[in-house]
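Subject: Handover of a structure

Dear colleague,

Please find below the sequence and structure that I am handing over to you.

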Amino acid sequence: MSIFYFIAFLSILFAVLVISAKNPVHSILYLVLTFFTFTVQYILLNAQFLAIVNFIVYMGAILVLFLYTLMLINLNKDSEPMKTNMVKIAAVLGGGCLLVVVVAALKVVGVSDPVLVRDPNLGLVKNLGKVLFDEFLLPFEISSLLLLSAMVGAVLLATKDPKIA
Amino acid sequence: MDSFFKTAQTVPLNHYILLSAIIFSIGVIGVLIRRNAIVIFMSIELMLNSVNLLLTAFSVYRGDATGQVFVFFIMALAAAEVAVGLAIIVMIYRNTNSIDINVLNRLKW
């Protein structure tokens, strides 16, 4: 039980560091740590498939993509654009209002039941594969099309226009 | 292993919702306070992940695998979104030599 609160504290801490770090490279590294704490949360929920996918896809693929883009763009700390303090305070107030509204709505619900892992096979690859390739076969195929079109689009957008270059 | 999950999971569902709400709000604040397009993208990833965690918690709470399949789809969607979004950012940088989103305020129409 206390593991959850410790990990939750770490995720919030690293998430705050992601948005407050001056250097974008530090932001990405803190984001890696945040996603790692999410992976631990998935393991605590016994969602083993999602834990592995989160680890490989998010921490392995997506964040490396971010780092490569940052390397291509070659930013340094001096060129980092910052907003004025006034806008920052307004933004924090706005986000805080959103949080207050959600928490107040949650207060109305009252104390909820604990999250128990009733079915230990729920998050395993075998069980999820059966659901994925039975009920969700069509969305699965469509998502493969989406990934293909995203790949084509990314290559098309990021290559230089031969007429201009 | 079984007893580990039984003792580890006495966390109320409300606390999962609270954690996700906090992370989501941090993502919203990140989008609002930064001008660097890549950091804004990372804040959006943070929001997507908080929703993923909440879907998984509800899925375990209800004992229904559908929620976890949805998380899988969201991850596929996020990968596609990041690939296209970063390509757009690279293109913007090539044209304007900056990834400050305030440079793009001409994109009104």
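Predicted model: local features only at pLDDT ≥ 70, side-chain atom pairs only at ≥ 80, totals over all residues.

Residues are numbered from 1 along each chain as its sequence is written, and chains are lettered from A and ligands numbered from 1 in the order in which they are written.

The model has an ipTM of 0.88 and a pTM of 0.88.

Chain B contains four helices and zero strands; helices (H or I, at least four residues) and strands (E, at least two) are DSSP runs, numbered from the N terminus. Along the sequence the pattern of chain B is α-α-α-α. Of the 109 residues in chain B, 50% are buried. A residue is buried if 20 or more other C-beta atoms lie within 10 Å of its own, exposed if 12 or fewer, and partly exposed in between, with C-beta atoms placed from the backbone. Two residues are in contact if these C-beta atoms lie within 7 Å. Among the contacts in chain B with a separation of 6 or more, 43% join residues 24 or more positions apart.

The contact between the chains involves 64 residues from chain B and 76 residues from chain A. On the side of chain B that touches chain A, α1 (2-8), α2, α3 and α4 each supply at least two residues, and α4(B) gives the most, with 21 residues. This side of chain B comprises 46 nonpolar, 13 polar and five charged residues. Here Ala, Val, Leu, Ile, Met, Phe, Trp, Tyr, Cys and Pro count as nonpolar, Asp, Glu, Lys and Arg as charged, and the others, Gly among them, as polar.

The axes of α2(A) and α3(B) come within 11 Å and cross at roughly 5 degrees; axes are lines fitted to C-alpha atoms, for helices over the stretch in contact, and angles run from 0 to 180 degrees between N-to-C directions. The two helices, α2(A) and α3(B), are therefore roughly parallel. Angles under 35 degrees count as roughly parallel, over 145 as roughly antiparallel, 65 to 115 as roughly perpendicular and the rest as oblique. The residues where α2(A) meets α3(B) include A:I28 and A:L31 on one side and B:M42 and B:L46 on the other.

By contrast, α3(A) and α3(B) pack at about 175 degrees with their axes 12 Å apart, which makes α3(A) roughly antiparallel to α3(B). A:L50, A:F66, A:T69 and A:L70 of α3(A) make this contact with B:I38, B:M42 and B:T56 of α3(B).

Not counting residues up to four places away in sequence, B:M42 touches A:V18, A:S27, A:I28, A:L31 and A:F66.

Finally, A:V64 lies in helix α3 of chain A and counts as exposed because it has 12 C-beta neighbours inside 10 Å.

With kind regards
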